[in-house]
Amino acid sequence: MSSSNPQALLIPLLLAAIGALLFWAFWSGLTGHEGERLAALALERVPESGASNPVTSVLLNFRAYDTLLELAVLLAALLGIWSLGPAAAPYQRASLLLDSLVGWVVPMLIIAGGYLLWIGGQAPGGAFQAGALLGAAGVTLALSGRPNAGLPGEAWLRVLAALGTLVFALIGLTLMGVGLGFLTYPPALAKALILTIETGATLSIGATLAAAFLGGRPRAKRNAEP
Amino acid sequence: MLDPLALAVALPLLGALLVTMLPGWSRTLGMLTALATTGVALWLTVTVWSGEGLRSDLGGWGVPLGIGLRADGLAAALVAMANLVALAISINATGYFGAAESSRKFWPLWLLLWTALNGLFLAADLFNLYVMLELLGLSAAALGALTGTREAAEANLRYLLVGLLGSMTYLLGVALLYTAYGVLDLELVAEALTPGPVAWSALALMIGGLLLKSALFPLHFWLPPAHANAPAPVSAALSALVVKAAVYLVLRLWLDLFDGIATLPAAMLLGLLGAGAVLWGSWRALRAERLKLLAAYSTVAQIGYLFLFLPLLTAAPDGDTRERLLTALVLLALTHGFAKAGFFLAAGLVQKSTGHDRIRELGGAAQSLPAATFTIGLAGVALIGLPPSGTFFAKWVLVGQAIALGQWWWALVAMAGTLLAAAYVFRVLARAFNREPTPKCFLTDPRTEIPALLLAALSALAVGLAAQPIAVLLGAGV
């Protein structure tokens with residue numbers, strides 16, 4: 001598009017004006033209001049949550065309901081991808097050099113994922129980060145020509161993808177059933193419950209991300225083998 | 001100790017997970033979930049009806065730290081409608097998809113959509129609403145593309161992207177509010193909110209994003225292709241429920257959150273767009289070639305009516321008038337939910353048995369599919385607003401209050417929309433009863449027809465409205 005086109009000038013100007021307006025609102029929001037803020041309150045109550053990392057306390061305890069539904073969003077995305085058709089043909093098998101590198105990288109990614117999952121209770125880490133590493137391991141396998149990115153066949157993959165949300169929802173419902181309320185952890189069990197939920201979520205997130213990378217329903221094993 | 005609020009969200013979610021894991025059992029498990037969820041929803045509605053508003057704090061932390069769910073009358077009314085419609089759609093889907101492969105794809109996404117609907121109606125937290133909007137938009141777009149045709153994939157990709165833009169804009173507004181007030185619970189933010197740049201920008205961003213999702217004219221461009229190309233049960237859900245959820249949220253924010261921030265000129269603007277939607281949507285429905293496209297454009301028009309209420313609600317003094325307007329608005333939304341779902345399911349049957357849904361070639365459909373034709377007729381009664389449908393009462397209040405509040409122009413829009421709705425409904429019914437095509441020319445003998453037409457128009461449109469002057473006349477000269 002030539003620069004003489006009035007649109008080429010008008011659109012950036014308009015966007016800049018909207019941006020300036022929003023920044024003004026943001027600035028007056030930052031400086032304007034006094035009063036108790038949620039972040040301070042959350043930090044104060046981290047010790048009661050069963051996790052000493054504040055991010056984990058918020059994600060898995062204070063606002064666990066949001067996280068439960070975010071896992072459902074991931075599942076919906078995967079189901080949506082599957083409903084559009086089968087996965088593309090697998091990549092060509094990598095050469096010896098890359099292949100042996102993948103043989104090193106993938107176990108490291110899985111170990112690092114396990115570490116992040118465990119450390120998430122006390123330090124930055126947790127199910128989403130660990131799941132992202134597992135997903136990356138799957139992507140690496142897919143890129144080096146492994147069919148189905150190292151994932152199991154469709155029947156087990158479905159179980160794996162739904163597992164994290166299922167564990168989460170069942171724990172929530174059980175706690176309601178015993179009279180505590182949906183997703184209300186008893187303080188003594190909070191740490192164990194959070195770890196159980198995070199383990200399930202890690203597996204599901206990893207499997208979902210890797211399966212999403214394949215871009216369609218997994219092919220039957222026999223057809224996919226080269 | 002069972003909590004109907006949490007169950008209304010958790011049960012369909014649990015069902016979605018089970019049918020994902022056990023696709024071979026999807027129909028049985030799906031129907032069981034549908035029945036259980038509807039049961040919980042009705043229990044919830046009856047509880048609210050008997051006078052208790054429901055509120056529960058998930059995780060037991062209470063606001064502002066935790067997330068709350070709550071049901072007031074407005075939420076409960078929409079939950080009851082949405083779940084009854086969803087149950088009917090589920091039963092229809094067991095027949096529509098049968099045991100085919102598409103049934104396995106349908107059930108998990110459908111139950112996730114149901115989860116999002118209930119979650120959205122019951123949410124009391126601004127960020128949680130965003131998560132619900134994402135789940136709703138994603139599962140709706142995936143369901144819409146289930147037919148697998150190129151048009152469906154294209155229309156639903158556009159739907160997905162528009163939906164994402166809408167929810168991102170909404171999120172930006174939430175971020176602004178959180179920056180300024182540090183809380184996310186709807187009631188707490190509403191208490192703290194004061195007029196100023198933050199409130200105005202948040203209003204514009206959040207309502208603007210949701211207008212895109214509720215397909216208010218002229219942002220409706222994505223709706224007709226997406227709704228018309230989806231499988232019939234999905235079209236029914238998209239038109240009757242998903243769009244309605246976005247409108248519900250606009251209303252919720254307008255009345256609860258931005259009460260006192262939203263000014264009358266802003267409401268007038270939305271009313272004006274609503275008027276545009278009523279006229280343009282009805283006109284396009286009248287010109288539509290296909291039954292499902294007609295129904296989709298009719299949705300655009302019906303959404304428009306809901307927005308006609310906003311300037312009246314904003315102008316009305318608190319109390320009786322406002323409550324009557326709100327009742328009428330909800331009545332209209334509920335009636336449209338039931339009517340449009342029924343219309344789409346019947347249209348799906350017509351499409352399945354005749355192989356097409358071209359209105360021009362519907363001749364004789366009434367003879368071969370009497371129940372489906374009758375359904376379309378009944379739904380048409382509700383869409384037009386003939387008595388005793390809910391739309392009739394709603395429009396009655398709309399017209400009456402528009403005149404009482406000095407905003408008479410909305411009454412004209414409502415009447416014009418009603419006439420157009422009658423035209424597009426009767427156009428379908430006339431074809432279904434195998435009538436000859438209507439002649440090209442409207443008038444055949446102007447000199448004899450125009451006087452007759454004027455008399456009929458006078459009787460139908462003018463005399464009723466002139467009741468007041470006539471009463472004055474009768475009182476005069478006594």
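## A buried alanine with positive phi in chain A

A:Ala149 is buried, with 24 other C-beta atoms within 10 Å. The model is predicted, and in it the phi of A:Ala149 is near 50 degrees, a positive value in a residue other than glycine. Most residues other than glycine have a negative phi, and most peptide bonds are trans. A:Ala149 sits in the loop that lies between helix H6 (127-143) and H7 of chain A.

## Chain A as a whole

Chain A contains nine helices and zero strands, and its pattern along the sequence reads α-α-α-α-α-α-α-α-α. Its radius of gyration is 23 Å, whereas a compact globule of 226 residues would have a value near 17 Å. The C-alpha trace of chain A spans about 70 × 65 × 35 Å along its principal axes.

Of the 226 residues in chain A, 42% are buried. Among the contacts in chain A with a separation of 6 or more, 76% are made by residues 24 or more positions apart.

## The contact between the chains

Chain A gives 48 residues to the contact, and chain B gives 49 residues. On the side of chain A that touches chain B, the elements giving two or more residues are helix H1 (6-32), helix H2 (38-45), helix H3 (54-62), helix H4 (64-83) and helix H7 (154-177) of chain A. H4(A) gives the most to this side, with 13 residues. By residue class, the side of chain A that touches chain B divides into 29 nonpolar, 13 polar and six charged residues.

## Chain B as a whole

The secondary structure of chain B consists of 19 helices and two strands. Chain B is as compact as a globular protein of its length, because its radius of gyration of 23 Å is close to the 23 Å that the globule rule gives for 478 residues. Along its principal axes, the C-alpha trace of chain B spans about 75 × 60 × 40 Å. Buried residues account for 56% of the 478 residues in chain B, and residues 24 or more positions apart account for 77% of the contacts in chain B with a separation of 6 or more.

Chain B is divided into domain 1 (1-123) and domain 2 (448-478). The centres of domain 1 of chain B and domain 2 of chain B, taken over C-alpha atoms, are separated by 51 Å.

## The strand pair of chain B

Strand E1 (residues 54-58) of chain B pairs with E2(B) in the antiparallel sense, over five bridges. One residue pair can be named: B:Arg55 has B:Arg70 in E2(B) as its bridge partner. Strand E2 (residues 67-71) of chain B is mostly covered, with four of its five residues buried.

## The nonpolar core

The largest nonpolar core has 248 residues, and those with the most contacts inside it are B:Val79, B:Leu113, B:Leu120 and B:Leu136. Helix H10 (residues 232-257) of chain B provides the largest share of this core, 19 residues. Apart from its neighbours within four places in sequence, B:Leu113 is in contact with B:Leu136, B:Ser139, B:Ala140, B:Leu143 and B:Ala237.

B:Leu42 belongs to helix H2 (residues 26-49) of chain B.

## Backbone features in the loops of chain B

The loop between helix H8 (197-213) and helix H9 (223-229) of chain B holds B:Pro218. A cis peptide bond joins B:Phe217 and B:Pro218, with omega about 0 degrees. B:Ala215 also has its place between H8 and H9 of chain B. Its phi is near 60 degrees, a positive value in a residue other than glycine. B:Ala215 counts as buried because it has 30 C-beta neighbours inside 10 Å.

Another cis peptide bond joins B:Pro387 and B:Pro388, with omega about 5 degrees. B:Pro388 lies in the loop between helix H15 (370-384) and helix H16 (390-404) of chain B.

Conventions
Residues are numbered from 1 along each chain as its sequence is written. Chains are lettered from A and ligands numbered from 1 in the order in which they are written. This is a predicted model: local features need pLDDT of at least 70, side-chain atom pairs count only at pLDDT 80 or more; totals for chains, interfaces and linings use all residues. Domain bounds come from an automatic or database domain assignment. Two residues are in contact if their C-beta atoms, placed from the backbone, lie within 7 Å. Ala, Val, Leu, Ile, Met, Phe, Trp, Tyr, Cys and Pro count as nonpolar, Asp, Glu, Lys and Arg as charged, and the others, Gly among them, as polar. The radius of gyration is taken over C-alpha atoms; the globule rule is 2.2 Å times the number of residues to the power 0.38. A residue is buried if 20 or more other C-beta atoms lie within 10 Å of its own, exposed if 12 or fewer, and partly exposed in between; C-beta atoms are placed from the backbone. Two strands pair if DSSP finds at least two bridges between them. A nonpolar core is a set of buried Ala, Val, Leu, Ile, Met, Phe, Trp, Tyr and Cys residues joined through C-beta atoms within 7 Å.
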